[in-house]
Amino acid sequence: MAPATYELTVNGQKRSVTADPGTPLLWILRDELKLTGTKYGCGIAACGACTVHVGGVATRSCIVPVSLIGDRPIVTIEAIGQDPVGRAIQDAWVSHDVVQCGYCQSGQIMSAVALLKSNRKPTDKDIEQSMGGNICRCGTYVRIREAIKMAGGAQS
Amino acid sequence: MKPAQQISRRAFLAASGTAAGGLLVSLYFDRPLHAQQPAQNPRIYPPDAFIEIKSDGKIVIQVNRLEFGQGVQTALPMLLADEMDADWSQVVPELAPAADIYRDPMRGFQMVGGSGSIATSFQQYRELGARTRAMLVAAAAARWTVAPEQCRTEASVVRGPAGQSAKYAELATDAARISVPATVQLKKPADFRLIGKQVRRLDSRAKCDGSLKFGLDLDLPGMKVALVAHPPVFGARPKSVDDTAARSITGVANVFQIPTVSGGTAVAVVADKFWTAKQARDALKVEWDLTAVERPDSAALWATYRQLAGTPGNVAVTRGDRAALDALASGDRIVAEYEFPFLAHSPMEPLNTTVRFDEGRAEVWAGSQFQTVDQAAIAEVLGLKPEQVTFHTEMAGGGFGRRATADSHVQREAAEIAKRVPGTPIKVIWTREDDVQGGYYRPMHAHRVEVGVGRDGLPVAWRHVVVGQSIVAGTIFAGFMIRNGVDATAVEGVADTDYAIPNFHVSVHHPTPNVPVLWWRSVGHTHTAFVMETLIDELAARAKMDPIAYRRRLLNPDAKKLRAALDLMEEKSAPWRAKLARNHATGIACHECFGTAVACAVDVSIENKRPRIHRATVAIDAGLVVNPLSVEAQCQGALVFGLSQLMANGAITLKDGRVEQSNFDRYTPPYIVDAPVAVDVHIVPSTENPTGCGEPPVPVISPAVVNALSKLTGKRYRTLPLVTV
Amino acid sequence: MSRSRVAFGLALFLLVVSVGAFATASRRADGLAAWQQVHSVLIHPRCINCHTAVEYPQQGDERRRHYANVVRGPDGHGVPGLQCATCHQESNANSTGVPGSHDWHLAPLSMAWQDRNDKPLSSAAICRAITDRRTNHNIDGPALLKHNAEDTLVGWAWEPGRDIHGNARTVPPLSRAEFAEATRQWVEAGMPCPQL
């Protein structure tokens, strides 16, 4: 397909990209905009490493083509710390020593922020369901669970 | 067809030769070696290769092995910084590039694996810190014309006897001129400020805000991305390649064929970026010649393996009374047959390597577990000497053994492509499909065990046949790890069991199907511990003995670490084991590997036809623990990794030569719902030499969970993965 | 009245009733035939994969459980962090193999056409589920027809896009126009359901 130009809003900034319409947002972010904090883990939305927020909704960028974004604002891991919930999650992750290799954690954090923004006091079941589609091969799930509760507590 | 040995042992030793003669020690410690820790490393490591004290006070410490989540880039600097009395808040770790000085002091090459980082570099990094401190003090003492013994150090400051003080940053230049002391005094444990304390990782924040770059994130001027269409059956070659459509895509630079280490040929696509390369690769029309290669098939392999398991193999260990073993044919006995499938490691960051080849030199960026080996392999492909290859170690998104390949196949791929596109950095990326289908699996195994049970319910005779590919055959490690036709990695955990079984015979068959295999976190223990711990549990149930008491009874009296771990686990889990909820059961397992003993108790129920692990109590004896926070995280994480073996979609299978799974949809690792809800970790206090933690907790979780399930269902689980409960 | 007139009247009555009964029976037969056509679409994977009785959708013609542990959530749109819209956009993404349509979500549990073992219910049970005003969100026949003929998400079944390998997804055995027509006939026949 012939490339097209897209006016995206990424982390509050207007960015113009020209790309094949079928290019997943993930590769626009990483290769065109050099925002490599959002990761490639599987390419079929099974692992969540590519999670960003689009129009306020946690979105798996590896399978959404840039042509379907429209004018919905995009927020990535690089900017989520400017959001108070994002900052609380990042601080909890650090103080609770959640990460190991860290490769999945951008996606984990973006999913956790989506959860906490809608529910300040998630139960274990809430956490399992909302975080249920994010893979961590290092197995940091136990600490993720605890850190989400810490961040929720810190928020209220 | 075995994977071809791509680098001759002689070439490797030449590349890895040290001044002392390049003696490679076994990758795995033999038992006695774990207990040894030379009072001083034979080698005096120069501080200036490991520490840089910057003028702003930052202390940059070179970490001599890959960080891939295990926490080594915090723990090794802790050792150094403690002895150095450095200000911890100023410490910045860096992953050292490939160089002789960064070789593992005991293994002799730059590597990470075998859960050995702390064990082998404990002394080394402490001495580096102590020597640096001594040199800084000497510089200060000279400045103040006092005796060094009159000076104290704390948080990057030297203080003199009369109130003088100088920051390390101020003294660094003078200190560098002082000759490195031959002997050093190390701290007594009572004086540790960091070692043994809960210290948070140094790389957390950068991993939480998207700023830390992994190998896959590398971006260099003029860089191109390469994807490789690998043969769908290992070792195959294309009959024909139609790349017209691929080449017509804008941004595609080259399409050409490259050799693979399995003796086959792959098709490489070089493009300006990932998505272009992917589309181009998808547009390739390749007809593969599958007639000249063996096409392994899981169903056919199982038939062979089962048959082999019924016959004696190469003897790994034999002791006791021949008659007692022969009597196994009759009498009170258990006969158990176990099956374990191929497993992929699937670290979250897919494999990748970047190589740039110029005239007479090359530069490499890779998250490698085996820098020395990989550097030599790239040099070989490019016709260079290893020292002409600058090899940067990138932070890696997980490894679990997958980044420790004797044949350096990914690096070779990258070098083969870079060779054809000189002057251009080439980043080879493996997609998740490449990863799941690309081989280098934990080998499939069959076990057949006959246990003769004595009147006291203890095993009196034990005959054990293991069937599985040799991981190291055909590699540079074969000479050290295969004896009498037995690959030690296939029988570890059985042959060296700490259970006191008087009449004991373990033998092994090593079939050679056309599937590349590799060590998967805890290697042979992944399957041997499952067999041992489920059989021991079954024996305990038969004898109507408590599973903990049974193990205590059966363990060798001198299995000190296992006994300590078992005791601590029993104590810490007693409160919840005593008031287990209805429809819950406790499962127990314990195992020692890589010098460390782990005991585990799990609280399990069945929900939605799957095991639900409500909590796990883990006790670990790893000798002196440098960072208990890191050990806690490793235990928690390793348990989850071990649960990969129980996932319903937790098997790699082959049909007529092709791997049937291609991504996480059909080869599914544990998600949060599969993990224990809570894991409490307890460390046996110890002043013994440190041993490892990365792998030891992996083998215990699957048998512990399955032992609990057996209590709930009455069934025995001997075939993995756990498709139905 | 004379007996013959009574007899004639009775015969006429019986004739009318039997013709009516025959008309009713034949109307019912026509309706059931139409229902069979409608049913053949409903149980096609493009439709039934989201009409589950459990906490998850299915995917593929083999109707396996949807991967990545996606769940129904309180109103069939998933849960925060893992909504249907986390992946499924307003139209198909053929370059990545993800289907999409307006407001992608699961049918409510009351519109489940499977049992809790992911096995399709009988034709009769599905018919009852669809027509029971107590549980079908009070939709009458005309509303059902409108749903089948005009709803955007329903319409996705006939333009389901391509999977990640580039293969076109299979579509139901009737075209949408045929499905709408069969629905109309079934509705006009009084929405009869099979007995068993």
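Okay, let's start with chain A, which the domain assignment splits into domain 1 (4-76) and domain 2 (81-155); bounds like these come from an automatic or database domain assignment. Before I go on, this is a predicted model, where local features need pLDDT of at least 70, side-chain atom pairs count only at pLDDT 80 or more, and totals for chains, interfaces and linings use all residues. Residues are numbered from 1 along each chain as its sequence is written, while chains are lettered from A and ligands numbered from 1 in the order in which they are written.

Back to those two domains. The C-alpha centres of domain 1 of chain A and domain 2 of chain A are 21 Å apart. Twelve residues from domain 1 of chain A and ten residues from domain 2 of chain A take part in the contact; in contact here means that the C-beta atoms of two residues, placed from the backbone, lie within 7 Å. On the domain 1 side, strand β3 (residues 51-54) of chain A gives the largest share, three residues. Helices (H or I, at least four residues) and strands (E, at least two) are DSSP runs, numbered from the N terminus.

Now, who does chain A touch? With chain B, the contact takes 43 residues from chain A and 50 residues from chain B. On the chain A side, α1, α2 (77-80), α3 (84-95), α4, α5 and α6 (141-155) each supply at least two residues. By class, the chain A side that touches chain B has 20 nonpolar, 15 polar and eight charged residues. With chain C, it's 23 residues from chain A and 21 residues from chain C. There, β4 (57-60), α4 (105-118) and α5 (124-130) of chain A each bring at least two residues, and the chain A side divides into 13 nonpolar, nine polar and one charged.

On to chain B, with its 20 helices and 28 strands. Its C-alpha trace spans about 85 × 70 × 50 Å along its principal axes. A compact globule of 725 residues would have a radius of gyration near 27 Å, and chain B has 27 Å, which agrees. That radius is taken over C-alpha atoms, and the globule rule is 2.2 Å times the number of residues to the power 0.38. Buried residues make up 58% of the 725 residues in chain B. A residue is buried if 20 or more other C-beta atoms lie within 10 Å of its own, exposed if 12 or fewer, and partly exposed in between, with C-beta atoms placed from the backbone.

Chain B is assigned domain 1 (37-206), domain 2 (215-292 + 346-437) and domain 3 (310-343 + 441-713). The centres of domain 1 of chain B and domain 3 of chain B, over C-alpha atoms, are separated by 38 Å. In their contact, 19 residues of domain 1 of chain B meet 19 residues of domain 3 of chain B. α3 (72-84) and α4 (117-144) of chain B each give at least two residues to the domain 1 side, and α3(B) has the largest share, four residues.

Let's look at a sheet. Seven strands of chain B form an open sheet with mixed pairing, in the order β9-β10-β7-β17-β14-β15-β16. Two strands pair if DSSP finds at least two bridges between them. Which strands sit at the edges? β9 and β16 (389-393) of chain B, each pairing on one side only. Inside the sheet, β7(B) and β10(B) run antiparallel, joined by five bridges, and one pair of bridge partners is Ala226(B) with Val270(B) in β10(B).

Finally, helix α8 (residues 274-283) of chain B. It lies across β7, β9, β10 and β17 of chain B, at about 25° to β7(B); axes are lines fitted to C-alpha atoms, for helices over the stretch in contact, and angles run from 0 to 180 degrees between N-to-C directions. Why is α8 of chain B largely enclosed by the rest of the structure? Because eight of its ten residues are buried, among them Phe274(B), Trp275(B) and Arg281(B). The buried residues of α8(B) pack against several elements, including α1 (25-32) of chain A and β17 (426-429) of chain B.

Definitions and conventions
Ala, Val, Leu, Ile, Met, Phe, Trp, Tyr, Cys and Pro count as nonpolar, Asp, Glu, Lys and Arg as charged, and the others, Gly among them, as polar.
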